[in-house]
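I opened the notebook to record what I looked up, one entry at a time. The structure goes in first.

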Amino acid sequence: MNLQFVVDGLLTGSMIGLGAIGVTLTYSILRFSNFAHGDFMAWGTYATLAVVSAIGAMFGKIAPIAPLSFGWPLIVAVIVGMAFTALLALLLDKVLFSRLRTQGQAIIVVMASFGASMALRSLLEFIFTSRPTYFSRAIQIAMPVGWGIRITPDQIALLLVTAVLVLGVHLLMTRTQAGRSMQAFSQNAALARIVGIDVAMIVRMTWIIGGALACVAGVMIGILVQIRPFMGFDMLLPMFAAAILGGIGSIPGAVLGGLIIGLAEAGAVQLIGAEWRAAVSFVILMAVLFVRPFGIFGVRER
Amino acid sequence: MMDLLGYGAFFLTTALMFSLITLGLNLQWGLTGLFNVGLAGFVAIGAYTSALLTTPEDAARLGGFGLPIVIGWLGAMIVGGIAAAITGMATLRLRSDYLAITTFGVAVVVQLVALNAQRLTGGPFGIGFIPRPFGGLAETPLLFNLSNLAVVSAVTLIVYLALEHLSRSPWGRVLRALREDERAAISLGKSARFYRVQAFAVGGAIMALAGALQAHFIGFIAPDNYLPILTFQVWVMLIVGGSGSNKGAIIGSILVWAIWAGSGAATSALVPPEQQARAAALQIAAIGVMLCIILLVRPGGLFGDMPRRPRFGKAAKAVAGESTAK
């Protein structure tokens, strides 16, 4: 067996993991499974693409940064895209989710997210058509790093970006007051409210972190694979599976779950063929639900 | 005139098949409160099962047993019911969102199998030559459409009456009690999980039957018939009609299908051909927005019978209050 699947798996796992952080936060703090999370990914990616093209139109062609396939325009664009996706999530919460939450039936909110997902995705298809696009059509030469593994500079950069982001979110959740408030709220909402935690702020933080990370994950898919309106929807099952595997509410769990699923998918591609790739997350999900439904880092629900 | 009548029959047949799926969903969601977002998967399971059982032998794939159509329908119900029962057993002891995620996964996997297990499902080319009831009448479209309508109406009526009876029976009362107040029902000695698995399995069997019916009506099935959009359409039908009411499920399906087919016809008449794909995307977006608006404005739908009570006790209320606690 070729060890190349380790690199592929780590990359897919990074995308899944970054997305799963948002899923796990929405689930543990707002208490519903957000089916529109994948579409935040796609919207963030298209927003980033739009900013990249706008910069291209203003400044002409800009040479990429030495070994990478992209230059500063993408870096600027991704930051704009993250802000845009966070705003989109906040807006959707304001007009839809927050109102339904007050009715108190979690499952109605899930249903609304399902409708919103369909609407968001079809709207993207309407605006940009379903034809795939790319950030760059340049082909990168992969460098051999030993044991039969090859890796491109883009891939190294994206793995580093993931590591930095995950570390950042982890520090935010454990070392800042806001992050600790979020954790307190997810563990015991009523008690958190009694000690005077600002719930509106926690809800905002949840959407901002989830939306921004979804955008980064989407842009990674855009750089390594392609940009399509369905790109996020196809990630939904792996993201849910990763969040459940890691244990709902646990950010390290979501990332670890993402990496496990990414590696399993890449391994399955080698062993049984690429066409069955999407089934891997389902098999893992079912196995977790039967054996350890509270996940690796989760606690048993009482 | 005859054309119009024929089209009317065709339209109603299609709408009633949706009604049948919606009735199955109403048993799961409306009566029991189980959230199934992978119903396209169960419809597909039914369609493929029945097709495999009834088509003539085919060298290119397994199966093709050439059995009578009714056996195909029964087989579809059994396989669909078993698939739903397994899904339910894995998830129904957990929080309700897990069922949503798992059913979503089931639909993805069924789609994958339909697409890739060529020996079984014909892959992307699908399965053709599925025997059609009254296939002999196909030369006279009106008679053919009317007799199909009669069959589908009869099946829908039977399922409707059975479900009405079930929901009034002690079994249905237990389900409703579990939906309304789980703790009270459990304290009366009812096993929540056991009843929910049953309801989920019966609902899955009805969906599979609808899939089988549709496969025999069209005579051809392919993986593309069972995309997530089907799940979505049926949900909108149930929400518009009103969850909890079987009558609402049927009327909602006919109404939403009329809007869907009507707006589809309008776009294909008004929009230039090269823009049709985009217009179709806009149509789906519009229906998605409609679902969200109904949920916001009139969550009970036209004939709704859903409780407006939090399902998850303390946790739900704590989150619910957030907009007031600033």
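Entry 1. In which helix of chain A is the place of A:M58? I looked it up and found A:M58 in helix 2 of chain A. I note here that the model is a predicted one.

Entry 2. I then looked at a nonpolar surface patch that includes A:M58. The patch is made by A:M58, A:F59, A:W72, A:V76 and A:V80, and I wrote down an area of about 510 Å² for it. Helix 3 of chain A gives the most, with three residues.

Entry 3. Next I looked up charged pairs. Side chains of opposite charge can pair when their charged atoms come close. Over all chains, the structure holds five salt bridges. One of them joins the side chains of A:D39 and A:R121, at 3.1 Å from N to O. A:D39 lies in helix 2 of chain A and A:R121 in helix 4 (residues 106-128) of chain A, so this pair ties together parts that are 82 residues apart in sequence.

Entry 4. I turned to the interface of chain B and chain A. I found 57 residues of chain B in contact with 56 residues of chain A. The two chains bury about 5100 Å² between them, and 75% of that is on carbon and sulfur atoms. How many salt bridges does the rule find across this interface? I wrote down zero. For polar contact, I wrote down three residue pairs, both residues of each at pLDDT 80 or more.

Entry 5. I asked which helices of chain B supply the side that touches chain A. Helices 3, 4, 10, 12 and 13 of chain B each supply at least two residues. The largest share, 14 residues, comes from helix 4 of chain B. By type, I recorded 39 nonpolar, nine polar and nine charged residues on that side of chain B.

How values were computed. Residues numbered from 1 in each chain as written. Chains lettered and ligands numbered in written order. Predicted model: local features only at pLDDT ≥ 70, side-chain atom pairs only at ≥ 80, totals over all residues. Heavy atoms only, no water. Contact = heavy atoms within 4.5 Å. Buried area = accessible area lost by both parts, 1.4 Å probe. Salt bridge = Lys/Arg side-chain N within 4 Å of Asp/Glu carboxyl O. Polar contact = N/O pair within 3.5 Å; in protein donor to acceptor, adjacent residues only side chain to side chain. Helix = DSSP H or I, 4+ residues; strand = E, 2+ residues; numbered from the N terminus. Nonpolar A, V, L, I, M, F, W, Y, C, P; charged D, E, K, R; others polar. Patch = residues over 30% accessible without salt bridge, like charges linked within 9 Å, V, L, I, M, F, W, Y side chains within 5 Å. Areas by Shrake-Rupley, 256 points an atom, 1.4 Å probe, with all protein chains shown as cover.
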